[in-house]
Amino acid sequence: MRDPIWLAEARRHLGVREIVGAKHSPVIMGWIKELGAKVLGIQVNDDETPWCGTFMAMVMQRSGIKPPPIAVRAAQWGRVGKWGRELLGPRLGCVLVFTRNGGGHVGLYLGEDSTHYHVLGGNQSNSVNVMRIAKSRLAK
């Protein structure tokens, strides 16, 4: 099965990392500038601001898909009826929204095992990577 265009775009950025502290990744700052406050929903000035939504917005925008309003916020990606469509079960490249203490997280489905989804996303341990995220964290 071929990757959806947005998943192929996301894979191109595997390994991009934020720079922790006062300096900022020129790649991530480039995404922020490319999208601007109009797409992100707020003014973002650094890579210390949670950027999983920024990564998703960049991937979708470059793939010709309009991101949801206030795309920087992970929860916006799960607003059924406001953006995207609900699926009966996950499919390769679908958007998954998770809960976490202090906010949320958003990424793309690659697969799963009995307890975790395998998710390609930005700001996962400060980088674009694939990680396992507990199924119990999936936003309802």
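**Reading the rings, sheet and helix of a predicted model**

Mentor: Trp51 is buried, with a relative accessible area of 1%. Buried means under 20% relative accessible area, exposed over 50% and partly exposed in between, using a 1.4 Å probe and protein chains only. This is a predicted model, where local features need pLDDT of at least 70, side-chain atom pairs count only at pLDDT 80 or more, and totals for chains, interfaces and linings use all residues. Residues are numbered from 1 along each chain as its sequence is written, and side-chain values use heavy atoms, with hydrogens and water left out.

Trainee: How many aromatic pairs does a search of the whole structure find?

Mentor: First, the rule. Rings of Phe, Tyr and Trp (its six-membered ring) pair if their centres lie within 6.5 Å; planes under 30 degrees apart are stacked, over 60 edge-to-face, the rest tilted. The search finds 4 such pairs. One is Trp31 with Trp51, a tilted pair with 6.1 Å between centres and 55° between planes. It links distant parts of the chain: Trp31 sits in helix α2 (residues 26-40), Trp51 in the loop between α2 and α3, 20 residues apart. Helices (H or I, at least four residues) and strands (E, at least two) are DSSP runs, numbered from the N terminus.

Trainee: Is Trp31 buried or exposed?

Mentor: Trp31 is buried, at 2% relative accessible area. Now a second pair: the ring centres of Tyr109 and Tyr117 are 6.0 Å apart and their planes lie at 65°, so this pair is edge-to-face. Tyr109 and Tyr117 are both buried. Trp31 also belongs to an aromatic cluster with Trp51 and Phe55.

Trainee: Which residue lies over the face of Tyr117?

Mentor: Lys135 does, at 5.5 Å from the ring centre. The test for a charge over a ring asks for NZ of Lys or CZ of Arg within 6 Å of the centre and within 35 degrees of the ring normal.

Trainee: What is the order of the strands in the sheet?

Mentor: Strands of a sheet pair through backbone hydrogen bonds, either parallel or antiparallel. Here, two strands pair if DSSP finds at least two bridges between them. The sheet is open, has 4 strands in the order β1-β2-β3-β4, and pairs antiparallel. β1 (95-100) and β4 (127-134) are the edge strands, each pairing on one side only. From one strand to the next, the twist averages 45°.

Trainee: How many bridges join β1 to β2?

Mentor: There are 6, and the two strands run antiparallel. Val97 has Val106 in β2 as its bridge partner.

Trainee: How many residues lie between β2 and β3 in their hairpin?

Mentor: That hairpin has 3. β2 (residues 103-112) and β3 (residues 116-124) run antiparallel, joined by 4 bridges. Gly111 has His118 in β3 as its bridge partner. Glu112 has Tyr117 in β3.

Trainee: Which strands does helix α3 lie across?

Mentor: α3 (residues 52-62) lies across β1, β2, β3 and β4, at about 55° to β2. The axes are lines fitted to C-alpha atoms, for helices over the stretch in contact, and angles run from 0 to 180 degrees between N-to-C directions. Contact means heavy atoms within 4.5 Å. α3 is mostly covered, with 9 of its 11 residues buried. Among them are Cys52, Phe55, Met56 and Met60. The buried residues of α3 pack against α1, α2 and all four strands, β1, β2, β3 and β4. Just after α3, Gly64 takes a positive phi of about 85°.

Trainee: Where is Asp3 placed?

Mentor: Asp3 is in the segment before α1 (5-11). Its relative accessible area is 26%, so Asp3 is partly exposed. Beyond neighbours within four places in sequence, Asp3 contacts Ala8, Arg11 and Leu92. Asp3 and Leu92 are 89 residues apart in sequence, yet 7.3 Å apart in space, C-alpha to C-alpha.

Trainee: What joins the side chains of Asp3 and Arg11?

Mentor: A polar contact of 2.5 Å. Such a contact is a pair of N or O atoms within 3.5 Å; within protein, one must be able to donate a hydrogen and the other to accept it, and residues adjacent in sequence count only if both atoms are side-chain atoms.
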